[in-house]
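The report that follows describes how selected residues are packed and paired in one protein chain. Please read it alongside the sequence and the coordinates shown here.

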Amino acid sequence: MRRISLYNLINGMASSAYSPYISFIGALLGLSGYTLGIVSTAGTFFTNMAQYFSSATKSDARRLVLEGNIIKGLGLVLMAFFMNYHLLYTALVATVMAGSGISSMGLSLLSEYYSRGSRSFLLSRMAFYSSLGSLPVIVAGGLYMATNVELAKYIFVVSAVASTLSTAIVFDLPYDERPRERSLRLSVKGLEKFLAFNFIYMIAWSFAWPLFPLAQVHVFGMTTEQVAIINVIATTSTVVVQRFIGGFIARRMKTSMFIGRLTNTFFALAYAISPNVYGIYASQLLAGLANSINNVAYFSYLVDKAEDKRAAIGTYSVVMGLGAIIGGELGGWTFEALYASDGYSCLRSLMLYVAIARAAAASLFLLL
C-alpha cells in the first residue's frame with residue numbers, strides 16, 4: 001500500500017492545484033447556470049461514467065491508471081490554451097474528468113486488492129496522507145491565481161505533467177487478477193437499497209453544485225484566495241479526522257454513512273443564511289467528518305457486499321454519475337428560471353431548500 005499511497009498523494013496534490021477552482025473559474029468566465037451544471041458535476045458524472053465503461057474493458061488495473069492519466073494530461077494541456085472559450089472549456093473539463101475516472105478505476109482496483117483484511121484502516125490512512133499533501137498545494141494555487149485567474153493555464157500544464165509521470169509509481173506493481181469478460185449490464189444484486197438511496201441523495205446533493213460558484217462570485221464576492229481558505233479549512237479538518245475515523249466506520253458502517261450524508265446539509269445551509277464569508281468558513285469545520293466518511297465508508301460497504309467487485313464499482317459509478325448530472329442540471333436550469341425575476345438573491349432561497357432536501361435524503365441510509 002505504500003506505493004499506492006504515494007501515487008495517491010502525488011495525484012491528490014496535482015489535482016488540488018486546479019480542481020477546487022474549476023467551477024469558480026467558470027463562474028468568473030461568465031458561464032451560464034446550466035453550463036456550470038455540467039462543469040460542477042463533471043468530476044462526478046464524467047468521472048463515474050468513465051469508471052463504468054473502463055470496468056468492462058480487458059485492461060488490468062495498472063493499464064487503466066496509465067490510459068486515464070494520459071487522457072487527463074492531454075485535456076489539462078489543452079485547457080491552458082482554450083480556457084476563455086466557454087464550450088471548449090466545458091468540453092475539456094469533461095475530458096479531464098473522464099481521464100480521472102479511468103485512472104481512478106485502476107486505482108480503486110489496486111486499492112481493493114492491497115487493502116484486503118484491513119480495508120477501513122488502510123483506506124483511511126491512504127486518504128489521510130492524500131489530504132495532508134493537498135493542503136499546501138491548495139494554498140499555493142489560490143494565492144497564485146488571486147491576482148489574475150488567467151494564471152490557471154500554467155497550473156493546468158504543471159498538473160498534467162505531474163499526473164502523467166506519477167503513473168510510473170504503480171505501473172509495475174504485482175497484480176495477478178485478470179479482468180473477467182462481461183457486458184455493460186448493471187450489477188445490483190444485494191445492493192438495490194444502497195444504490196437507490198445513493199441515487200436519490202446524489203440528486204439532492206448535486207443540485208447545489210452549480211449554485212455554489214455563482215453564490216461565491218455574485219453574493220459573497222469571493223476571490224480565489226478566499227476559495228482557497230474554504231478548501232484549506234475543509235482539508236485540514238479532513239486531515240484531523242481521517243486518521244481516526246477508520247475504526248468507527250468499521251464498527252458503525254450504516255451510522256457512518258448516515259452521518260456522512262447528513263453533514264453535507266450544513267454546507268448548503270451556510271450559503272443560505274451566512275451574512276458574510278466567515279459563516280462559510282465556519283461551516284467547513286464539519287467537512288472533515290463528511291469527507292473522511294465519504295472517502296472510506298461507501299466504497300468499503302460496496303466492495304464488501306458485492307460478489308463481482310469490478311462490476312459493483314462500475315455500477316455504483318453509473319448510479320452516482322447519473323444522479324449528479326440530473327441534480328446539477330436541475331440546479332442550473334432552476335437558477336436560470338428564477339434569475340429572470342429574482343436576480344442573484346434567489347441563490348439563498350435555493351440553498352435553503354437544498355439543505356432540507358439533503359437532510360431528508362440522508363435519513364434513507366438509516367434504513368439500510
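## Salt bridges and their surroundings

Arg-63 is partly exposed, with a relative accessible area of 44%, where partly exposed covers the range between buried (under 20% relative accessible area) and exposed (over 50%), computed with a 1.4 Å probe and protein chains only. The model is predicted, so that local features need pLDDT of at least 70 and side-chain atom pairs count only at pLDDT 80 or more, while totals for chains, interfaces and linings use all residues. Residues are numbered from 1 along each chain as its sequence is written, and side-chain values use heavy atoms, with hydrogens and water left out.

The side chain of Arg-63 meets that of Glu-67 in a salt bridge with an N to O distance of 3.1 Å, a salt bridge being a side-chain nitrogen of Lys or Arg within 4 Å of a carboxyl oxygen of Asp or Glu. Both residues lie in helix H4, four residues apart, which is about one turn of the helix; helices here are DSSP runs of H or I with at least four residues, numbered from the N terminus. Glu-67 is also partly exposed, at 27% relative accessible area.

By this rule the count comes to three salt bridges, and they are set out below.

| Salt bridge | N to O distance |
|---|---|
| Asp-60 and Arg-62 | 2.8 Å |
| Arg-63 and Glu-67 | 3.1 Å |
| Glu-150 and Lys-153 | 3.7 Å |

Asp-60 and Arg-62 are both buried. In the pair formed by Glu-150 and Lys-153, Glu-150 counts as partly exposed at 25% relative accessibility, and Lys-153 is likewise partly exposed, with a relative accessible area of 25%.

## Nonpolar surface and core

Helix H4 (61-82) and helix H7 (152-165) each supply at least two residues of the patch, and H4 gives the most, with four residues. Phe-82, which is found in helix H4, counts as partly exposed at 32% relative accessibility.

In soluble globular proteins, nonpolar side chains tend to be buried together. In this model the largest nonpolar core has 104 residues, and those with the most contacts inside it are Tyr-89 and Phe-194; a core of this kind is a set of buried Ala, Val, Leu, Ile, Met, Phe, Trp, Tyr and Cys residues joined through side-chain atoms within 4.5 Å. Helix H5 (residues 86-114) gives the most to this core, with ten residues. Leaving aside its neighbours within four places in sequence, Phe-194 is in contact (heavy atoms within 4.5 Å) with Met-257, Tyr-298, Tyr-301, Leu-302, Tyr-316 and Leu-368. A second, separate core of five residues includes Phe-45, Met-49, Val-318 and Ile-325.

Ser-40 lies in helix H3 (residues 33-55) and is buried, with a relative accessible area of 15%. A polar atom of its side chain lies 2.7 Å from the backbone oxygen of Leu-36. Not counting residues up to four places away in sequence, Ser-40 touches Ser-23, Trp-209 and Pro-210.

Gln-51 is also placed in helix H3, and it is buried, with a relative accessible area of 11%. The side chain of Gln-51 makes a polar contact with the side chain of Ser-317 at 2.6 Å, a polar contact being a pair of N or O atoms within 3.5 Å, of which, within protein, one must be able to donate a hydrogen and the other to accept it, while residues adjacent in sequence count only if both atoms are side-chain atoms. Apart from neighbours within four places in sequence, Gln-51 is in contact with Gly-101, Ser-104, Met-105 and Ser-317.
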